[in-house]
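Dear colleague,

I am passing on the structure below, together with a short account of what was found in it. Please read the notes with the model open beside you.

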Amino acid sequence: MDKYINKTHTYGRLWMFVTLLVFLSVPTLICYHLGVSPKLITIAKGLSTVALVFYPTAVIEVLTYSPLLGVGGTYLGFVTGNITNLKMPVALSSMENAKVEPNSEEGEVISTISIAVSSIVTTVIIALFVLVFRPVLKEITAEGSPFAPAFQQVTPALFGSLCASYLAKHWKISILPIALLTFILIFAGNLAVGVLIPIGVIVSLLGAHIMFKKGWVGKDD
């Protein structure tokens with residue numbers, strides 16, 4: 001297992017670096033082709049509006065998601081993207097169905113395979129449906145379309161169905177984080193998901209630990 005982990009880190013770092021180069025090459029080649037270059041002061045002004053939110057969020061997401069996704073799943077997830085909406089639910093659902101725990105050897109394998117398959121299937125499905133629905137895509141997603149409300153509820157529906165199974169099994173330890181996050185959203189409804197998730201994770205861990213020490217919940221709760 002140690003040999004596998006070390007190789008995964010090696011190849012994972014390599015492909016993270018390659019992916020970063022590919023991302024940066026697109027605007028670089030566009031600027032080169034057009035013979036223009038953005039001013040550093042303009043870039044700094046643009047970054048200043050988002051850096052305070054997205055930079056800490058990026059670090060927090062790695063610290064929060066990595067223990068659940070495992071080594072291979074973390075590299076695959078962060079390279080292919082859409083972790084919160086797709087990769088995390090897929091990995092957790094697969095590990096639950098396989099009856100394995102996150103951060104275990106079995107969980108490492110299941111998480112990596114599920115995220116890899118998810119990435120391949122997602123790419124194929126997106127490519128296929130882009131071609132199929134291209135002629136009518138604007139009409140379907142337009143504000144006046146009867147299908148428009150459905151497109152706005154994809155993420156809530158995904159997490160609602162995933163969350164329901166966990167709440168049913170562990171309802172006692174879910175009361176505190178749900179109550180706190182609901183209270184926060186009432187007064188700060190514009191907080192980013194990347195901020196709310198770490199808060200929920202920390203509160204869940206502390207609440208479960210305190211309730212276990214008090215004898216209010218057992219190992220099976």
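The protein contains nine helices and zero strands, so that, read from the N terminus on, its elements run α-α-α-α-α-α-α-α-α. Please keep in mind throughout that this is a predicted model.

As to overall dimensions, the C-alpha atoms fill a box of roughly 70 × 55 × 40 Å when taken along the principal axes. The protein has 221 residues, of which 22% count as buried, and it exposes about 15,800 Å², with carbon and sulfur atoms supplying 73% of that area. Among contacts with a separation of 6 or more, 60% are accounted for by residues 24 or more positions apart.

Helix H3, which covers residues 83-97, packs with helix H4, residues 105-133, at an angle of about 135 degrees, and their axes lie 9 Å apart. H3 is therefore oblique to H4, given that angles over 145 degrees would be needed for the pair to count as roughly antiparallel. The crossing in which H3 passes H4 is right-handed.

On the H3 side, the contact is made by Leu-86, Lys-87, Val-90, Ala-91, Ser-94 and Met-95, while H4 contributes Gly-107, Ile-110, Ser-111, Ser-114, Ile-115, Ser-118, Ser-119 and Thr-122.

Methods
Residues are numbered from 1 along each chain as its sequence is written. This is a predicted model: local features need pLDDT of at least 70, side-chain atom pairs count only at pLDDT 80 or more; totals for chains, interfaces and linings use all residues. Side-chain values use heavy atoms; hydrogens and water are left out. Axes are lines fitted to C-alpha atoms, for helices over the stretch in contact, and angles run from 0 to 180 degrees between N-to-C directions. Helices (H or I, at least four residues) and strands (E, at least two) are DSSP runs, numbered from the N terminus. Angles under 35 degrees count as roughly parallel, over 145 as roughly antiparallel, 65 to 115 as roughly perpendicular and the rest as oblique. A crossing is left-handed if the near helix is turned anticlockwise from the far one by less than a right angle, and right-handed if clockwise. Contact means heavy atoms within 4.5 Å. Buried means under 20% relative accessible area, exposed over 50%, partly exposed in between (1.4 Å probe, protein chains only). Accessible areas come from the Shrake-Rupley method with a 1.4 Å probe; for residues, only the protein chains shown count as cover.
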